[in-house]
Amino acid sequence: MDRYKPGKFEDFYKLILHIHHIANLEVMIGYADVHGDLLPINNDDNFFKAVSSAHPLLRVFIQRQDEVDYSNFGTNTLSRKKKALVTLRNDNLRRRPHINISMPHDFRPVSSIIDVDILPETHRRVRLYRHGCEKPLGFYIRDGTSVRVTPHGLEKVPGIFISRMVPGGLAESTGLLAVNDEVLEVNGIEVAGKTLDQVTDMMIANSHNLIITVKPANQRNNIIRSSRMSGSSGQSTDSTASHHSLPTSHVLQNFHPDEMESDEEADIVIEGGLEPQHIPKLHSLTSSSLSRINGSSLSHRLQRDLVLNNNSGRESNGNIHKLLSSLKTDPRHSLVIPRGGIEEDGTVITL
Amino acid sequence: MRRFLRPGHDPVRERLKRDLFQFNKTVEHGFPHQPSALGYSPFLRLMAIGTRSGAIKLYGAPGVEFMGLHEENNTVMQIHFIPDQCQLVTLLDDNSLHLWSLKQHSGASELREEYRFTLKGPPGSPPSATQITAVLPHSSREVLYLGTESGNIFVVELPSFRVLEDRTITSEAVLQRVPEDYCNRRSCELVEALREHPKNPDQILIGYSRGLIVLWDLQNNKVTHHFLGSQQLENLYWQRDGSKFISCHYDGSYTQWPVSGDNRQPEPLENLVPYGPFPCKAISKIYWQTTKNGLPYIIFQGGMPRASYGDRHSISVVHGSQQTAFDFTSRVIDFFIIFSSEPTAEFDDPSAMVVLAEEELVVIDLKSAGWPAVHPPYLASLHCSAITCSHHVSNIPLKLWERIIGAGSKQNIHYSNMPWPIDGGTNIAPDPPQRDLLLTGHEDGTVRFWDASGVCLHLLYKLSTVRVFLTDADPNDNMNTLGEDEWPPLRKVGTFDPYSDDPRLGIQKIYLCKYSGYLAVAGTAGQVLVMELNDEEAEHVVDHAEADLLQDQEGYRWKGHEKLKTRDGPVRFEAGFQPFVLVQCQPPAVVTSLALHSEWKLVAFGTSHGFGLFDHQQKRLVFVKCTLHPSDQLALEGPLSRVKSLKKSLRQSFRRIRRSRVSSRKRRGGSGNVQEANAKFDQDTLQEMELAPVQRKIEARSAEDSFTGFVRTLYFADTFLRDSSRHCPSLWAGTNGGTVYAFCLRVPPAERRMDEPVRAEQAKEIQLMHRAPVVGILVLDGRSTPLPEPLEVAHDLSKSPDMQGSHQLLVVSEEQFKVFTLPKVSSKLKLKLTALEGCRVRKATVANFGSCKTDDYSENDLAVLTNLGDIQIISLPFLKLQIRYPCIRKEDVSGIASCVFTKYGQGFYLISPSEFERFSLSTKWLVEPRCIVDVPEVTSNNHVHSKSGMENAARKSSPSYILAQQTIQLACTGASGSCQEHT
């Protein structure tokens with residue numbers, strides 16, 4: 001297949017069905033992008049994107065249409081629980097399957113405005129998704145004073161403010177945060193009474209799923225709630241905005257306290273049975289061979305457990321690192337494992 | 001919100017918590033930071049030390065300690081005990097006087113501040129008019145004489161501090177009969193010294209700074225004698241019989257003056273410059289002590305020849321032909337002589353000299369030949385060389401304890417065996433429950449062993465690792481050996497020596513096995529020494545091994561310090577811990593973690609590059625593991641390349657200091673013009689912030705962060721690493737980058753231990769998602785009890801661990817506590833700390849807490865210290881926060897870094913370079929001073945005095961219920977008197 005002229009999605013789809021002798025099945029095709037996220041292939045554009053960005057082999061996932069769990073795509077690979085709202089939306093979309101406009105799920109959200117319906121209009125709760133994105137979070141905070149209305153009149157109290165945005169960073173690219181926005185909460189915990197260093201540590205500790213509530217310095221762009229269109233209106237604007245396959249997309253959704261608990265990080269456990277002092281320095285698996293292993297073990301079902309067979313039996317951990325880093329990101333992001341998979345099944349990566 | 005409700009409110013557990021946990025700061029060990037004043041009561045036999053931060057500490061017999069703190073936190077300038085009373089007066093540098101007394105309360109004495117007073121002059125007078133320079137508590141106990149800068153002496157009544165204006169001794173009155181020509185030359189400047197006549201309480205000697213000394217008659221309010229000194233006066237001292245006194249001067253001279261009835265203006269008997277003829281420094285204090293054999297002791301501070309010895313801190317003792325100038329390691333704050341305090345005794349017969357220097361307390365035995373020093377039972381200078389690390393071992397077996405004491409006693413032969421001369425008060429605290437050792441590592445390569453069982457932190461033994469290495473300093477170069485006829489006859493005393501020969505010698509990690517007597521210490525230049533306790537002196541070769549932690553990774557260049565050079569051939573070691581193996585890490589970076597397993601005879605060590613395991617039985621390196629991330633340049637190149645970041649952090653800390661100053665100013669703002677002041681300060685702060693915005697970058701931790709390979713913790717465990725049926729020895733290591741490595745070890749059985757090699761293979765590698773530094777690793781057995789220490793079971797001191805149920809692994813990172821199952825390593829539960837509270841774990845140790853109500857209940861919990869200085873107790877194995885106490889100020893970074901927990905819920909941290917604060921989290925294990933100071937029997941004559949004093953006081957302060965109060969007081973004295981008879 002030509003990397004730069006892959007052809008039509010339709011042809012590819014037929015090819016896939018043919019190869020796998022499943023011509024009579026409705027399937028959904030997905031691929032693992034460079035960040036290790038599962039993204040769908042369902043039109044010419046994302047097919048082209050998938051092929052051109054294959055690195056160097058394309059890892060393709062094929063799933064029965066009726067088994068597709070949309071929440072596995074994009075960011076939702078990160079969250080274990082499927083929310084009622086999401087299911088609803090899926091139903092809507094399935095009724096009109098032929099319109100190949102991009103579903104919000106086709107894009108990995110990097111940020112979202114949440115809890116619009118429960119927060120005061122002057123506040124904004126922003127969720128930054130750090131996973132699968134090589135962009136740095138990219139902002140700075142500082143101490144400052146803010147004015148509060150109290151029974152005794154206006155009062156100046158110490159506060160934490162965004163002081164700087166790193167150009168090209170995630171925070172800046174979302175457009176949801178700005179310099180001089182006052183930070184009120186970090187992942188549901190008020191910052192009042194905490195020092196700058198404490199708030200810094202809290203943000204870094206939550207950096208994989210950072211939810212900050214701010215009082216924007218610029219109050220003119222606030223979402224007007226009276227329209228009572230909180231979820232859907234936000235969503236539609238966002239999907240139009242994301243038409244050009246921008247990596248950035250915003251989602252409006254509600255933030256459940258549970259969600260914070262559920263954003264379980266899975267620690268990576270590597271088992272090895274080798275004597276570290278006899279490291280065969282030169283022997284190593286190339287990254288392409290790794291991809292081949294992956295490809296061969298793909299089944300119809302999305303693999304929950306990813307087992308890398310230990311071919312040589314003489315690999316060291318150094319090599320694991322080489323392999324993992326050859327996937328371009330650090331190991332925790334590079335393996336497509338639905339979140340929670342490790343937690344529940346005790347997935348172990350054996351080398 | 002649910003998170004906060006979830007712990008629930010279980011009343012049973014709440015009650016149990018009250019029986020288990022309690023936070024107390026119990027006692028301060030070591031030498032007070034920045035002492036500024038010294039006082040002594042021969043009557044109570046108690047010594048008082050004041051500090052520049054306003055603390056006052058009283059010490060008597062070992063275990064008798066009191067502490068008080070002035071609210072003002074001002075420097076304590078002078079301390080004076082009220083004669084024959086349990087009271088003392090302190091003078092602070094804000095010119096305020098404070099009266100403290102020791103009162104009995106629920107069976108123990110307590111030190112309390114009773115009154116405070118600031119002398120006020122008439123309106124319009126300059127502040128110097130009432131600036132107090134000399135204090136004399138009169139033996140009547142009713143009044144204080146206060147000499148001032150203006151030359152006037154004010155009289156205040158005790159304890160009410162009422163100024164008796166009609167009794168003020170003005171400089172005009174003093175000058176009335178002074179000869180004209182003398183008077184013109186020097187007016188009465190400030191009062192330098194006030195001394196009561198030893199036999200006649202109606203006469204006081206007044207010394208003015210310009211040299212004039214007068215004897216003042218209190219009855220007739222007039223001068224009886226004038227002594228016309230020609231030199232600037234420093235101090236005065238009466239001879240015991242009152243027939244002579246001695247004055248010392250700014251020019252390094254001292255003068256004897258006769259006091260007789262007939263000559264009202266006597267000439268000096270003798271004027272001497274002891275270290276003349278060249279210009280000398282001032283003699284600032286002098287004692288004249290009579291003895292039975294007729295030869296007096298003249299003891300004076302200073303007076304050294306200005307040019308050649310002007311920098312020495314000396315006190316000279318002259319007794320007949322014997323003369324020694326004791327040369328102290330730091331500035332002398334003050335000193336006193338302990339002598340016979342019996343009023344009837346004919347001679348002083350001094351027994352000891354107690355010198356408070358800035359950094360240590362030195363006591364000299366004046367009775368034994370050669371005037372040796374006395375080993376103090378408390379007030380040890382912990383910072384003789386700066387403390388670099390500490391390690392606590394609870395419940396030392398008696399055998400090891402005795403051997404350590406034995407080794408230590410061989411080091412202390414040059415000390416006097418005089419009993420401790422300051423022996424007031426009675427220690428009524430129960431005997432310490434167990435023998436505890438605190439080991440401190442120092443910058444000069446020594447390890448000190450302290451008896452930390454009780455209130456007195458006492459040095460048992462000092463171990464030096466220097467002998468193993470070749471250092472620049474020549475051991476034969478002894479500064480103290482002075483020739484016979486050396487003048488002045490200086491003799492160095494004291495142990496304070498903050499100058500390290502070589503910073504690479506510094507001790508960084510210590511691990512002592514209390515059962516086997518094996519000790520491992522590791523230092524700044526990557527040296528790891530394994531030692532064994534030997535009761536005899538021995539000479540042997542130290543085996544030497546190198547551990548290349550980089551494992552021939554290429555392209556790295558260590559730019560840090562070189563390794564220490566070792567001494568070739570056999571080395572002579574004194575009795576005590578003697579090194580037999582040296583493992584040198586390459587590159588020679590500072591050792592950051594250390595673990596010793598005495599049963600398997602293995603020692604593990606880690607640096608910023610990796611970690612290694614050494615078999616000290618076979619003296620063979622088992623394996624090394626490099627933990628470096630290839631992009632971590634900082635760790636590779638060593639400390640030199642850190643200059644840049646150091647500069648940055650310095651700048652940040654300056655900013656922080658400035659900010660904190662602003663906020664403290666704000667706090668003190670008072671309630672006057674709050675609005676205005678606040679507005680102004682806010683403006684100030686705002687402006688300041690605009691000038692120097694303190695900002696923090698928010699960025700997720702990545703593998704590329706520096707020092708990710710830094711090995712933070714090492715842990716040996718016998719557990720199920722591979723499968724759930726077979727357990728095996730294992731070594732666990734945690735790094736700064738949130739990685740945990742687990743190695744399976746194969747240790748040959750005892751009979752083949754020397755023949756077969758120890759083998760290790762990597763079994764697991766866990767990368768924590770949040771990538772925070774791993775600060776602790778622990779394995780819990782089937783009963784969720786932490787695995788016992790090596791040899792603990794063999795010595796029948798612990799139940800053997802439960803190997804039936806499944807084991808669990810607890811990983812403590814700076815941000816989270818996480819429990820995993822073993823052998824599968826799947827996450828079971830966790831407690832996030834940083835994500836919720838913004839604080840990070842600095843120290844976490846398992847501690848056993850016993851209930852104060854029932855003897856048979858105890859549980860293991862985690863004691864955790866955070867970077868905010870809070871201590872939290874977290875239950876095991878369910879990781880529930882039990883209780884939290886604020887302990888250390890969060891700005892006190894060195895205090896937080898120095899904290900060590902004991903196995904039974906106590907802990908220590910440095911409150912200054914020289915002092916450990918001891919705290920307790922347990923209701924059961926509490927070591928705190930508890931002592932009684934009784935008023936000793938006094939002569940009947942004095943007793944009458946004291947009673948009338950009390951009556952006076954009572955009458956003046958509260959005339960209405962004088963009768964009731966009097967009877968109570970009498971009853972009290974009666975009770976304490978009978979109590980004393982019993983004891």
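This report walks through aromatic pairs, salt bridges and some strand pairing in a predicted model.

Some ground rules: local features need pLDDT of at least 70 and side-chain atom pairs count only at pLDDT 80 or more, while totals for chains, interfaces and linings use all residues. Residues are numbered from 1 along each chain as its sequence is written, chains are lettered from A and ligands numbered from 1 in the order in which they are written, and side-chain values use heavy atoms, with hydrogens and water left out.

**Rings**

Over all chains there are 33 aromatic pairs. Here rings of Phe, Tyr and Trp (its six-membered ring) pair if their centres lie within 6.5 Å; planes under 30 degrees apart are stacked, over 60 edge-to-face, and the rest tilted. One of the pairs is B:Tyr275 with B:Trp487, which is tilted because the planes sit at 50 degrees, with the centres 5.5 Å apart. B:Tyr275 lies in the loop between strands S20 (270–272) and S21 (283–289) of chain B, and B:Trp487 in the loop between strands S33 (458–464) and S34 (490–492) of chain B, so the pair ties together parts that are 212 residues apart in sequence. Helices (H or I, at least four residues) and strands (E, at least two) are DSSP runs, numbered from the N terminus. B:Tyr275 is buried at 1% relative accessible area, whereas B:Trp487 is partly exposed at 45%. For burial, under 20% relative accessible area is buried, over 50% exposed, and in between partly exposed (1.4 Å probe, protein chains only).

B:Tyr378 and B:Trp420 make an edge-to-face pair, 5.5 Å centre to centre with 80 degrees between the planes. This pair also links distant parts of the chain, 42 residues apart: B:Tyr378 is in the loop between strands S28 (373–374) and S29 (387–393) of chain B, and B:Trp420 in the loop between helix H6 (398–411) and strand S30 (426–427) of chain B. B:Tyr378 is buried at 2% relative accessibility, and B:Trp420 is buried at 12%.

Ring pairs join B:Phe23, B:Tyr885, B:Phe901, B:Tyr909 and B:Phe919 into a cluster. Strand S60 (residues 906–912) of chain B has six of its seven residues buried, so it is largely enclosed by the rest of the structure. Strand S59 (residues 900–901) of chain B runs antiparallel to S60(B), joined by two bridges; strands count as paired if DSSP finds at least two bridges between them. B:Phe901 stands opposite B:Gly907 in S60(B). S59(B) and S60(B) form a hairpin with four residues between them, and B:Gly905 in the turn has a positive phi of about 75 degrees.

On to the next strand: S60(B) pairs with S61 (residues 915–922) of chain B in the antiparallel sense over six bridges, and the two form a hairpin with two residues between them. B:Tyr909 stands opposite B:Glu917 in S61(B).

**Salt bridges**

There are 45 salt bridges over all chains, each a side-chain nitrogen of Lys or Arg within 4 Å of a carboxyl oxygen of Asp or Glu. Three of them are tabulated here.

| Pair | Closest N and O atoms |
|---|---|
| A:Asp197 and B:Arg696 | 2.4 Å |
| B:Glu915 and B:Lys57 | 2.9 Å |
| B:Arg116 and B:Glu113 | 3.2 Å |

A:Asp197 is partly exposed at 29% relative accessibility, while B:Arg696 is buried at 12%.

B:Glu915 belongs to strand S61 of chain B and B:Lys57 to strand S4 (residues 55–59) of chain B, so that pair ties together parts that are 858 residues apart in sequence. Both B:Glu915 and B:Lys57 are buried. B:Arg116 is partly exposed at 40%, and so is B:Glu113 at 23%.

Salt bridges that share partners also join A:Asp201, B:Arg712, B:Glu814, B:Glu815, B:Arg840 and B:Arg842 into one network.
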